[in-house]
Amino acid sequence: HVQLVESGGGLVQSGGSLRLSCAASGNIFSIDAMRWYRQAPGKKRDFVAFITSNGVTVYADSVKGRFTISRDNAKSMVYLQMNSLKPEDTAVYYCNAEVRSVSNRSYVGYWGQGTQVTVSS
């Protein structure tokens, strides 16, 4: 079984910064792409950022230049550094990872439970 656990959310003023972390644990053989998504109240879950196993990154236009995704393959972790936060960044942030377990030859997508980020104006 594979589990993703996010941490680092909280309340911050507009213009502030937060760093989200996501730890993958369990029967992991390897992790391919890792992603961050977010979901604001009453809205659909939106893509935020993506990083491949060798560090190639892609960002949503709304966060480009303000957010940075990174990963530590040795620790099975992915991070999201969020700077210059705006009230519209308020959402629950979810981690997603494509994981190959020891017992499964295929990569399977897993989600964390989410962490709340609230940006006050």
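**Strands, disulfide and salt bridges**

Tutor: Strand 3 (residues 18–26) and strand 8 (residues 77–82) pair in the antiparallel sense over six bridges. Keep in mind that the model is predicted.

Student: In what order do the strands of the open sheet of four strands stand?
Tutor: Strands of a sheet pair through backbone hydrogen bonds, either parallel or antiparallel. In this open sheet of four strands the pairing is antiparallel, and the order is 1-3-8-7.

Student: What is the bridge partner of Cys22 in strand 8?
Tutor: Cys22 is in strand 3, and strand 3 pairs with strand 8 over six bridges. In strand 8, the partner of Cys22 is Val78.

Student: Which residue does the disulfide join to Cys22?
Tutor: A search of the whole structure finds one disulfide. Its S to S distance is 2.1 Å, which lies within the 2.5 Å cut-off. The pair links distant parts of the chain, strand 3 and strand 9, 73 residues apart. The residue joined to Cys22 is Cys95.

Student: Is the link of Cys22 and Cys95 left-handed or right-handed, and are the two residues buried or exposed?
Tutor: The angle about the S-S bond is -75°, and the link is left-handed. As for accessibility, Cys22 and Cys95 are both buried.

Student: Is Asp89 buried or exposed?
Tutor: Asp89 lies in the loop between strand 8 and strand 9 (91–101). Its relative accessibility is 1%, and the cut-off for buried is under 20%, so Asp89 counts as buried.

Student: Which residues are linked with Asp89 in a network of salt bridges?
Tutor: Side chains of opposite charge can pair when their charged atoms come close. Asp89 forms a salt bridge with Arg38, with the closest N and O atoms 2.9 Å apart, and the side chains of Arg66 and Asp89 meet in another at 2.8 Å, N to O. Arg38 is in strand 4 (residues 28–39), 51 residues from Asp89, while Arg66 is in the loop between strand 6 (57–59) and strand 7, 23 residues from Asp89. The residues linked with Asp89 in the network are Arg38 and Arg66.

Student: Are Arg38 and Arg66 buried or exposed?
Tutor: Arg38 is buried, as is Asp89. For the pair of Arg66 and Asp89, the state is again buried.

Student: Which residue meets Asp46 in a salt bridge?
Tutor: The count of salt bridges comes to five. Asp46 counts as partly exposed because its relative accessibility is 30%, and Lys44 is exposed, with a relative accessible area of 61%. At 2.5 Å, N to O, the side chain that meets Asp46 is that of Lys44.

Student: What is the separation of the C-alpha atoms of Val92 and Pro41?
Tutor: Val92 is in strand 9, and, not counting residues up to four places away in sequence, Val92 touches residues including Tyr37, Arg38 and Gln39. Pro41 and Val92 are 51 residues apart along the chain, and their C-alpha atoms are separated by 8.4 Å.

Notes: Residues are numbered from 1 along each chain as its sequence is written. This is a predicted model: local features need pLDDT of at least 70, side-chain atom pairs count only at pLDDT 80 or more; totals for chains, interfaces and linings use all residues. Side-chain values use heavy atoms; hydrogens and water are left out. Two strands pair if DSSP finds at least two bridges between them. Helices (H or I, at least four residues) and strands (E, at least two) are DSSP runs, numbered from the N terminus. Buried means under 20% relative accessible area, exposed over 50%, partly exposed in between (1.4 Å probe, protein chains only). Contact means heavy atoms within 4.5 Å. A salt bridge is a side-chain nitrogen of Lys or Arg within 4 Å of a carboxyl oxygen of Asp or Glu.
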